[in-house]
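Here are my notes from an afternoon with a structure that was new to me.

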Amino acid sequence: MTKTYSQSIKDIAWAYILLCFHFKIVTIDLLPDWYCYYLIYTALPVMEKRAPSVGLLKNFVVFMTGYEAVEWFLQIFGVELDTYILSLFIGVVYIYTHF
């Protein structure tokens, strides 16, 4: 089944809502951010048909999905990725992706 434009908008809206909430059991986030970025990624091909510039976001969304998945996995074991340069780079990509 292929997605329609309205279903893609709905997926992106849900992704942004889920990005705002963090339900945790000990160290495990039950609403991981990587899933939200995956929802956005699955909506991009349909959105790209109407606005070709949306295709520029694909690589950034894949990068954010991977980064958030690694961070989520490491948090399960209590490890934190906290380097200044990496945080700065992630912040820039985050801003570009969302605006």
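Which residues does S8 touch, not counting residues up to four places away in sequence? I found K3, A43, V46 and M47, where contact means heavy atoms within 4.5 Å.

Before going on, I noted the ground rules. This is a predicted model, in which local features need pLDDT of at least 70 and side-chain atom pairs count only at pLDDT 80 or more, while totals for chains, interfaces and linings use all residues. Residues are numbered from 1 along each chain as its sequence is written, and side-chain values use heavy atoms, with hydrogens and water left out.

**Entry: the whole chain**

I began with the inventory, and the chain has four helices and two strands. Helices here are DSSP runs of H or I with at least four residues, strands are runs of E with at least two, and both are numbered from the N terminus. Along the sequence I read the pattern α-β-β-α-α-α. I also looked up the extent: the C-alpha trace spans about 40 × 30 × 20 Å along its principal axes.

Next came burial. Of the 99 residues, 28% count as buried, meaning under 20% relative accessible area; exposed means over 50%, and partly exposed lies in between (1.4 Å probe, protein chains only). Then I checked contacts in the chain with a separation of 6 or more, and residues 24 or more positions apart account for 64% of them.

I went back to S8, whose place is in helix α1 (residues 5-20). S8 counts as buried because its relative accessibility is 0%.

How do the axes of α1 and α2 cross? They come within 8 Å and cross at roughly 155°. The axes are lines fitted to C-alpha atoms, for helices over the stretch in contact, and angles run from 0 to 180 degrees between N-to-C directions. So α1 is roughly antiparallel to α2; the label is for angles over 145 degrees, with under 35 roughly parallel, 65 to 115 roughly perpendicular and the rest oblique.

I noted the crossing of α1 and α2 as left-handed, which is the case if the near helix is turned anticlockwise from the far one by less than a right angle; clockwise is right-handed. The contact is made by residues including S8, I9, I12 and L19 of α1 and C36, A43, V46 and M47 of α2. By class, the residues of this contact divide into 14 nonpolar, two polar and three charged. Nonpolar covers Ala, Val, Leu, Ile, Met, Phe, Trp, Tyr, Cys and Pro, charged covers Asp, Glu, Lys and Arg, and the others, Gly among them, are polar.

**Entry: the cysteines**

I searched the whole structure for disulfides and found zero, a disulfide being a pair of cysteine sulfur atoms within 2.5 Å. C20 is in no disulfide, and the nearest cysteine sulfur, that of C36, is 8.9 Å away. That distance is too far for a bond.

Are C20 and C36 buried or exposed? C20 counts as exposed, at 61% relative accessibility, whereas C36 is buried, with a relative accessible area of 1%.

**Entry: α2 and α3**

I turned to helix α2 (residues 33-50) and helix α3 (residues 58-76), which pack at an angle of about 165° with their axes 8 Å apart. So α2 is roughly antiparallel to α3. α2 passes α3 in a left-handed crossing. Among the residues that meet are W34, Y38 and L44 in α2 and V62, A69 and W72 in α3. I counted this contact by class as 11 nonpolar, one polar and four charged.

My last stop was Y67, whose place is in helix α3. At 12% relative accessibility, Y67 counts as buried. Leaving aside its neighbours within four places in sequence, I found Y67 in contact with L81, L86 and I90.

What about α3 and helix α4 (residues 84-98)? Their axes come within 10 Å and cross at roughly 135°, and α3 and α4 are therefore oblique to each other. α3 passes α4 in a left-handed crossing. The contact is made by F60, V61, F63, M64 and Y67 of α3 with residues of α4 including L86, F89 and I90.
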